[in-house]
Amino acid sequence: MSTANAPVLEHTFASELEGLYTAHEPPGFKAPSLLLLNRELATELGLDPEWLQEHGAAALSGSELLPGTRPLAQVYAGHQFGHFNPQLGDGRAVLLGEVVDPQGRRFDIQLKGAGTTPYSRNGDGRAALDSALREYIVSEAMHALGIPTTRSLAVVTTGERVVRERVAPGGVLTRVAASHIRVGTLEFFASRKQKSELRRLVDYTLRRHYPDEADAPNQAKALLNAVGTSQAELVAQWMLIGFVHGVMNTDNVTLSGETIDYGPCAFMEQYNPRTVFSQIDHRGRYAFGNQPGIGAWNLARMAEALLNLLAVDEDQAVAMAQESLKHFGETVEGRWLDGMRKKLGLVGVDGGDQPLVQDLLDWMTRTETDYTSAFRRLSRSLVNGGVAFEGEEFAAWNERWHSRLGDADPQQTAAAMDRVNPIYIVRNHKIEAALDAAIEGDMGPTNELMEVLSRPFEEQPGRESYAEPAPPDFGPYSTHCNT
């Protein structure tokens, strides 16, 4: 492998946080092949797309290591479906190192599906190609929607077959993240009562993600508040876009505030707060409407992990935690309501906005209305002077909405709404069709889907089917973790 123009990796996590990982060299594959390369992201990171195109199959599958690489598997704990597991970890992922982009921002480069690690337990460490492609498609779609997320640099096929829900080609995803530090990472040290190590992790995380707070007199409090704010804003954005994460365990909650882990996730079509896609979430713990409450629950677990660092006096520490949790709830509600005002073209603040929004959502639930397209129909009604939906109940709501809009220019209001209401989301039937075709060797549907999703707010003539809900014969949709 030529090293000219190869990525230059740094290793601050490995150097500063011993005890949170095991050095591990991935086993590699005999016949890897580069299937997808995100050339735009590579350029943003300051990497050479041409070098990656030539050497990516080997370098991004773990088959050949870049000079100076210190590959490792991270360890962390986590609450999974409410139950604490004191040791989890990267069972099929390897962190190669970090890159610093031209703007000075630091990102992890991780291989997902690269083989067994010391934390694989009984797993094989592999990933199926459809799992890798799903994360690539959805994470890049989230980025195009403006939602904080890990991103995908490449997908490599391994030349092997993997048995999951079906027998499929193996794949390795190259995931790019601000970092992979999670609430569960804090829980790992806290559960072992390793206070000095926990303090070191807090200091590192603040310096990496919230540098303005790095010198705060109470670093634990600063980190709890910063993560609470970033996670509240993230969950609010999920709610605004109709995204169901599906597995909000504490090991899937990043301290950077990015969406991570695109396993049993999906976008809601017919509006219903009880929407669940994960086939293992039998009780609906992570249903769409539960996400703000689960976000608060996860932040409470983070507060528990930091309790001994917040204050010597336990009552004082608990009071700090409660204050942060209160702020989380207020931030989620506030950001969500502000976002809903923008989706409906409302300017300023009115005491009747919350019931106006809620009454619309309740109507959507009763009528099984498609959430995403409904807002575009509303903006079109302003332009055309018509009514978006039929029926007396909607007509009554529509009159209230127009009264709230007042004398605002309809054209300008519609244009503002269209800037925040996408036409295209990851429609479940479209991604499944693309993945089925990819498994059979046809990447055409995947490439077209990604092209559509890269411009979610722009009308794309000839691609109207990508904006339509699944047909009735698609049936109930469920997803799985692919582990």
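**Close-up views of a predicted model**

**View 1. Helices α14 and α15 in contact.** Lys-430, Ile-431, Ala-434, Ala-437 and Ala-438 of α14 meet Pro-445, Thr-446 and Leu-449 of α15. The model shown here and in the other views is predicted. By class, this contact divides into six nonpolar residues, one polar and one charged. Helix α14 covers residues 428-439. Its axis and that of α15 lie 7 Å apart, at an angle of about 145°.

**View 2. Helices α5 and α8 in contact.** Helix α5 spans residues 183-191, and helix α8 spans residues 291-310. The two pack at an angle of about 35°. Their axes are 9 Å apart. The crossing of α5 and α8 is left-handed. From α5, the contact takes Val-183, Leu-186, Glu-187 and Ala-190. From α8 come Asn-298, Arg-301, Met-302, Ala-305 and Leu-306. Six residues of the contact of α5 with α8 are nonpolar, one is polar and two are charged.

**View 3. The largest cavity and its lining.** The structure holds six cavities of 30 Å³ or more. The largest cavity contains about 80 Å³ of space. Its lining consists of Pro-7, Leu-9, Leu-47, Trp-51, Leu-52, Ala-59, Leu-60, Leu-66, Leu-96, Val-99, Ile-109 and Leu-153. Which class of residue lines this cavity: nonpolar, polar or charged? The lining has twelve nonpolar residues, no polar and no charged ones. Helix α3 (49-59) and strand β6 (93-100) each supply at least two lining residues. Of the elements, α3 gives the most, with three residues.

**View 4. The second largest pocket.** About 590 Å³ of space lies in this pocket. The lining counts 29 residues. Nearest the pocket centre lie Arg-105, Arg-106, Phe-107, Ala-178 and Glu-258. By class, the pocket lining has eleven nonpolar, nine polar and nine charged residues. Several elements each supply at least two of the lining residues: α1 (12-16), α2 (39-44), β7 (106-112), β9 (167-177) and α6 (195-209). Which element gives the largest share? Helix α6 does, with four residues.

**View 5. An aromatic pair, Phe-277 with Tyr-477.** The structure holds 17 aromatic pairs. One of them joins Phe-277 and Tyr-477, and this pair is edge-to-face. The ring centres are 5.9 Å apart, with 65° between the planes.

How values were computed: Residues are numbered from 1 along each chain as its sequence is written. This is a predicted model: local features need pLDDT of at least 70, side-chain atom pairs count only at pLDDT 80 or more; totals for chains, interfaces and linings use all residues. Side-chain values use heavy atoms; hydrogens and water are left out. Axes are lines fitted to C-alpha atoms, for helices over the stretch in contact, and angles run from 0 to 180 degrees between N-to-C directions. A crossing is left-handed if the near helix is turned anticlockwise from the far one by less than a right angle, and right-handed if clockwise. Contact means heavy atoms within 4.5 Å. Ala, Val, Leu, Ile, Met, Phe, Trp, Tyr, Cys and Pro count as nonpolar, Asp, Glu, Lys and Arg as charged, and the others, Gly among them, as polar. On a 1 Å grid over the protein atoms alone, a cavity is a set of points where a 1.4 Å probe fits but cannot get out, and a pocket is an open set with protein on both sides within 12 Å along at least five of seven lines; lining residues have an atom within 4 Å of a point. Grid points are joined across faces, edges and corners, and a volume is the space filled by probe spheres set on the points. Rings of Phe, Tyr and Trp (its six-membered ring) pair if their centres lie within 6.5 Å; planes under 30 degrees apart count as stacked, over 60 as edge-to-face and the rest as tilted.
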